[in-house]
Structures are given as C-alpha cells and as structure tokens.
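This briefing covers a predicted model.

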Amino acid sequence: MAGQEARTRGRTAAASWLLSTSILLFTCAYHVQKKFGETASEDLEGSFESILATNASNKGAGLGLEGNGQPPPLQEVEFKTPQGVDYKVDVEVYMESQDPSSQIFTEWVLVQVIGAPGLLDIIRLRMIPWGQAKLVDTGKGKPKYTVTRHANFTNVTLDPQSPSPSFLCIHGPSECEGNVWISCIQELYPDILRWFRVTTCIQARSCANGQAPSIDSVAHTGAINRHPCEGMPSEVAPKCVKEFGMGMELSKIQSCIHSRLGSELLLRNMVETESLEPKIHYLPWVRVDGKVLNYPNRTNVFLLGKAICDAYVRKIQPYVNGTVPSPLACYYFPSDPPYLPKIETTNNWGIALLWGVGGVCFVTGVMILVCWKYHTYVPDKILEYDRGSP
C-alpha cells in the first residue's frame, strides 16, 4: 500500500511539474514574441519619422548625404512659379474618415509633405472620402443625378424630384458622417491653408476602426492606448473647426452636411472613386498627376514628396532651358522607401523552441494524468467484478 501511494504521489508531482513548466514556457514565449514585435514596430516607426520629418528648422538636412556621411550644405534656391503655365501638380488621396491606414498616412506622410518648404506652392490637393462605401436602396427608389465631368473635377447634381440617397460605410454610420464633414469643408473653403488643417485634425482625433476614446480604455472597449482618440468624426469636427478653421462658419458647414449639397458631394466621391483605373485595391489610394503612386508597391506612398517634385519638373521642363528651379524641399526628399529591419532568424527559432518545448511538456503531463487515471480505473473494475463473481 505504501509503495502504491508513493507511486501515486510521484505521478502527481511529475504531471504537476510538467504542466507548470509548460505554462511557464508558454508565458515566456508569448512575452518574448510580443517584445520582438514591439521592437520591430518601434524600429519601423523610427525609420519613418527619421525619413519623413521635414520642417523649416532643419530644411531637410540629413535626408541626403555626401560621401563623408555629412549632410550637404544648404543653398537657397531662387524659386519662382512660372507665369502662364498650369504648373500645379494634382494630388488625389482616396480615403475614409475612420480608416486606420488613411489616418496614419495623413499624419505621417501628407502633413510632412504639405509642410515641406515650397511644396504648398506647386500642388493642387484633393481628398476624396469614399473608399468602400456604397449607395443603398432603402425602398424609396434610386436617386437620380446628373454627372458633369471637367478637366480637374467632377460635378454631380441631384434631380429636383429625386429621393434623398442613403449611404452605407464599411466602418459604420459615423464614417459616412465623417466623410461628408470632410467633403463639405473642402467644398465651402477651397483654400488648402484652411481646409487641410481642419481635416487633418478630424482624422487625427477621430476614433478609427477598433478604437474608442482613451477615457473608456479601462472598460475594455478596444481602445488602443498608443493612439488615443477623442470620439467619432461628428463629435471632434466642430472642435477642429473652432480651433483651426480660421474664421470658418460652423453653421454653414452643418447646413451643407444636412442638405442636398452634402449628398451630392458624397455622390461625386462615389462617381470619381468607381471610375478609377486601376480600381482601388486598398486605402489610402494616392494618385499624383493622374498616376497611382502606391500600387503595386504600397511602400511607395512614403515617396509622395519626390513624386510631386518629379511631376512638377516634367510639367515645367518644356518651358525652361536647363535645370528647372524647384522648391527647396525637392532637393532633400528621400528617393527610396523606408527600410524595415528584419527580425533575426535566431529570434524566430528561439520563440519556436519555447513554444515547442512548452507544448511537449504540456502533452506529456496530460498523458501521465490520463494513463494514471486509466490504470487505476481498470483494476477497480476488475476488483468489483471478482467480488461479484460466484
């Protein structure tokens, strides 16, 4: 009896040790994998910021290097916009107000490019918020509208007797509201110095898909602490207009949003998005002078500044002898997309080893418990059978 009890205690201890070890290994593997993932993400973010951060204080120093590894000396360029020539480069950004990728692009890329020295003088920027939204039939009949195409834009007019259109956005009704906010602000205040600041504020403060205001993060609502947001687009937009609108009339914008004009602007976004060639594969979808920038290579989106400068030179070169004078920022934009450091193979093997050993320990511990239970269960049945036999 004592020997059987000792064996029982031994099996129990072995199974407990193996199961505890497996849990420990699983925990270590999870945290190591998470740590390496965060490190790679931070390295990537650091690469993006170091390449894209261009402001008036350093005027792009460090983006181009001489043979000795030092930035070249900055020289002021006599830049004057040509007369009698359409020198503006059309930049079209097809996006959604609550799409995470569109928000990151606006904050990390577009803001930096617009703020680069001289770039604002040579671009004609439009943001078209539609993406994967749809026009839906609510039983009132399809809306009737007229499409008029111009050289640089499309105009859509609803027929007077047409029912009001209804829209369905992939991230919910709040995204449709954000799309019409951005569209009305651009339409009513076409000066890029005014509307771009407000729309950037709306995107930066709006909760993207899967996010919630940071005040609710403790309630496990899905908020991401790394990118806290302040609410839905319709909640943050009035604040952005007051802070950055430079005299914009909030009542005028709200009137546009709730009128036929707001519906016509969303219909225009729909028509322009659906008529694109090639079709949109992901967001944001960026076109520079009619050519898609980030397809098929998505990382080319980080070369927006260089693409604008190259398009500007192509438009002006026929009218200029020699080198085309360009904005100062054009001499310092990167020519290659940011480099993403690869995680070392040893890290992957180490993580896999932790998971593998933990799995073996777990399975072995479970098998010991199962076999022990089986071997104790069968003799008991045999003993009961023997006792009951004549």
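## Briefing on the predicted model

N155 is partly exposed, because its relative accessible area is 32%, which falls between the 20% limit for buried and the 50% limit for exposed. This residue is found in strand 5, made up of residues 154-158.

**Surroundings of N155**
- Apart from neighbours within four places in sequence, N155 is in contact with T146, V147, T148, H150 and R268.
- N269 is 114 residues away from N155 in sequence, but the two are 9.6 Å apart in space, C-alpha to C-alpha.

**Nonpolar cores**
- The largest nonpolar core holds 66 residues, and among those with the most contacts inside it are L110, L119, I253 and I308.
- Helix 8 (residues 304-316) gives this core its largest share, seven residues.
- When residues up to four places away in sequence are not counted, I308 touches V89, V91, V113, L119, I122, I123 and V288.
- A second, separate core has six residues, including Y94, L276, Y282 and W285.

**Largest pocket**
- The largest pocket contains about 580 Å³ of space.
- It is lined by 26 residues, of which L125, R126, Q186, E187 and P190 are the closest to its centre.
- Strand 2 supplies the largest share of the lining, seven residues.
- Other elements that each supply at least two lining residues include strand 1 (89-95), strand 5, helix 3 (173-188), helix 4 (192-205) and helix 7 (260-274).
- Sorted by class, the lining of this pocket has 13 nonpolar, five polar and eight charged residues.

Note on methods: Residues are numbered from 1 along each chain as its sequence is written. This is a predicted model: local features need pLDDT of at least 70, side-chain atom pairs count only at pLDDT 80 or more; totals for chains, interfaces and linings use all residues. Side-chain values use heavy atoms; hydrogens and water are left out. A nonpolar core is a set of buried Ala, Val, Leu, Ile, Met, Phe, Trp, Tyr and Cys residues joined through side-chain atoms within 4.5 Å. Buried means under 20% relative accessible area, exposed over 50%, partly exposed in between (1.4 Å probe, protein chains only). Helices (H or I, at least four residues) and strands (E, at least two) are DSSP runs, numbered from the N terminus. Contact means heavy atoms within 4.5 Å. On a 1 Å grid over the protein atoms alone, a cavity is a set of points where a 1.4 Å probe fits but cannot get out, and a pocket is an open set with protein on both sides within 12 Å along at least five of seven lines; lining residues have an atom within 4 Å of a point. Grid points are joined across faces, edges and corners, and a volume is the space filled by probe spheres set on the points. Ala, Val, Leu, Ile, Met, Phe, Trp, Tyr, Cys and Pro count as nonpolar, Asp, Glu, Lys and Arg as charged, and the others, Gly among them, as polar.
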